[in-house]
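Hi everyone, thanks for making time.

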Amino acid sequence: MTSSTFSAARPAQIRWHPTVVRYAPVVVIVLALIAIWYVAAVLMNRNIVRDAFERDEIHYTTGDLIVGTLSAERPLLPAPHQVIQTFAEDVFGWPITSPRSLVYHSWVTLSATFVGFLLGATFGIILAVLIVHARTLQKSLLPWIICSQMVPILAVAPIVIVVLGAIGLRGLLPKAIISAYLCFFPVTIGAVKGLSSPDPIQRDIMRTWSATPAQIFWKLRWPSAVPFLFTSLKVSITISLIGAIVAELPTGAQAGIGARLLAGSYYGQTVQIWAALVAASVLAVGLIGIVSLAERWVAQLMGARA
Amino acid sequence: MTLSWQRLTFFAAALGMLAAAVLPLSSEPTLDLFARPGLLAATMLAAALYAGAALVAPRLSIAVTLAGVVLSCCVTLALLRDPSIAGYATWGLWLPVLATWIAAWLGVARLAAVKPHDKAVSRIIDLAIPLLFGAFVFYLWEVAVRGFGVPSVLFPAPSAIAVRFFGSPWMLWQDFFQTFILGVLIGYVIGCSAGFFVAVVAHRYTFLGRGLLPIGNFVSALPIVGVAPIMVMWFGFDWPSKAAVVVVITFFPMLVNTLAGLNAAGHIERDLMRSYGAGHRQTLAKLYLPAAMPFIFNALKINSTLAFIGAIVAEFFGTPTLGIGFRISIEAGRMALDVVWAEIALAALAGMAFYGIVALAERATTFWHPSYRT
């Protein structure tokens, strides 16, 4: 959509700076969403606060009611400033080794995410290399890999824990394996696409230079797969985070963002749930940022211009 | 002698089958193969088929190999029915299993190398290869579990799961209805249509679109399943909370994809619509929406898997003692893993059917798209 739609409606329009054109809508909508959130918080918490006032037989005005809805201890919907406040307290208010610190829980989830992502990405790439080189595998295995994603893996999570627990694996690794199962798929699909992206002409020219299969792989297929690979790695690292969080739910984990969600839901600590969600979002953004940085770095190494 | 290593491998497979007659079948005292004349004959026949497959023409060898594989699968499974072999199997059993594996691999490899001219035949082959592969994986699973005597609380055999699956259809149907029909489907329909309509409105009003697209992209990357405990708190333990989680999860991918799709129509086409004097509504119906169809179906496919995940996660936070996720977590705690696997099979079948229906609908409506014009 270009700005022509605007100028057609109002010919004598001021020319806005491109930054304004780009970010103004985002800022306006974010502000609108926050406003809606506050209104919703007042409406949803109204009954709880009114009941509390009437129980204590305190005389109250509408103003008291609104202030009460925005600072209730166990609201249905906490107001944004409450969430931010709790988030800040949980992050900065405790030493990072304390089980009450959100940093500690984030680290528990993050370590499972990293291990799971490494396992999943390695497995996905190996699978893609095999599939690209063996026609039999491509025909027999690829349909099953796609089917494997139709299985709601979370359903399998409790069993993975039970089976791995029986052979003596506990703690981090079962979570990482569930997260790896969730995140290998985009890597495989992206890598298969990337590894088979060189034109037949390019492969033919490698053959006329009598390149060995290994040389064709390292000098042609692998470099051309790198951009595809990073696109799918960005998708898969967030999936891996989701996998690590979700794997904590059925495993009865004591620590981690998933455990925090579960505890918050058991004890009705709404604000704690929201703060954990904020932490998860911050982690997701950070992880994508790391992969994007790595992408830029690799692109520079491969000689791309900024 | 072309393909000589393949011939050698076929002979090795034939020898492997014969090992059943020579090597001990079990570490426990048991009847050897010569005391079981029917199985002995079948083993010999399978070995002969493998040896024959090495000698006949490649196309014919596919049928010969597959016949041999079916025969040797039957032999090994029949041997494992004997309680003095199941759990105590030794090389007399494992070598034939290995031989079957090798022969099956060669057969499928030869089948994959066939390039028929007829399109229908090639489609049947493309379907048969993964099916054969899958069936063989199940065979290996069954043989491994029974041969090594893996306790069923750890890893039940496929046959035990199948018995449970067909043995308690009422329980499975109730769980399926609760999770899939009530939670997933209702949430999916509401979430996808809401995302779609918001995208259409955002496309009409450029300002809204420019604001929503980055936000939608951002939110799509967040672990939204985390809202599950909040939804359970708001909507209670029954299906509305599951549907609500599914709505939240499916909304953003639909919004982002539809918006991208509506913007996919080219400048020339838009100019053409304008030169026809088409209004916004007409342009939407005749140009923007058809151009957005592949993107919309992409979102529908992504959402079909996301929706299932969302509903099952929500069940971990509270259910009315029904539903696939609930049953799995309860039965896993009671170590009734055959029930758990039966539920997983149910969920997998439902998920595949769901995805398949969406994919078929895509083929029927966007048959004009370049990716289908082959």
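So, how do H13(B) and H14(B) run relative to each other, roughly parallel or roughly antiparallel? They are roughly antiparallel, where angles over 145 degrees get that label, under 35 is roughly parallel, 65 to 115 roughly perpendicular and the rest oblique. Their packing angle is about 160°, and the axes sit 9 Å apart. Axes here are lines fitted to C-alpha atoms, for helices over the stretch in contact, with angles from 0 to 180 degrees between N-to-C directions. Helices themselves are DSSP runs of H or I, at least four residues, and strands are E runs of at least two, numbered from the N terminus.

Before I go on, some bookkeeping. This is a predicted model, so local features need pLDDT of at least 70 and side-chain atom pairs count only at pLDDT 80 or more, while totals for chains, interfaces and linings use all residues. Residues are numbered from 1 along each chain as its sequence is written, and chains are lettered from A in the order in which they are written.

Back to that helix pair. On the H13(B) side you have B:Ile324, B:Arg327, B:Ile328, B:Glu331 and B:Ala332, and they meet B:Val339, B:Val340, B:Glu343, B:Leu346 and B:Ala347 in H14(B). Split by class, that contact has seven nonpolar, no polar and three charged residues. For the classes, Ala, Val, Leu, Ile, Met, Phe, Trp, Tyr, Cys and Pro count as nonpolar, Asp, Glu, Lys and Arg as charged, and the others, Gly among them, as polar.

Now the interface. 51 residues of chain B are in contact with 46 residues of chain A, contact being C-beta atoms, placed from the backbone, within 7 Å. H14(B) gives the most to chain B's side, with nine residues. That side has 38 nonpolar, 10 polar and three charged residues.

Over to chain A: 13 helices, zero strands. Its radius of gyration is 26 Å, well over the 19 Å that the globule rule gives for 306 residues, so chain A is more spread out than a compact globule. That radius is taken over C-alpha atoms, and the rule is 2.2 Å times the number of residues to the power 0.38. The C-alpha atoms fill a box of roughly 90 × 75 × 35 Å along the principal axes.

Last one: H5(A) and H13(A) pack at about 50°, axes 11 Å apart, which makes H5(A) oblique to H13(A). There, A:Leu102, A:Ser106 and A:Leu110 meet A:Ala275, A:Ala279 and A:Leu283.

How values were computed
Contact = placed C-beta atoms within 7 Å.
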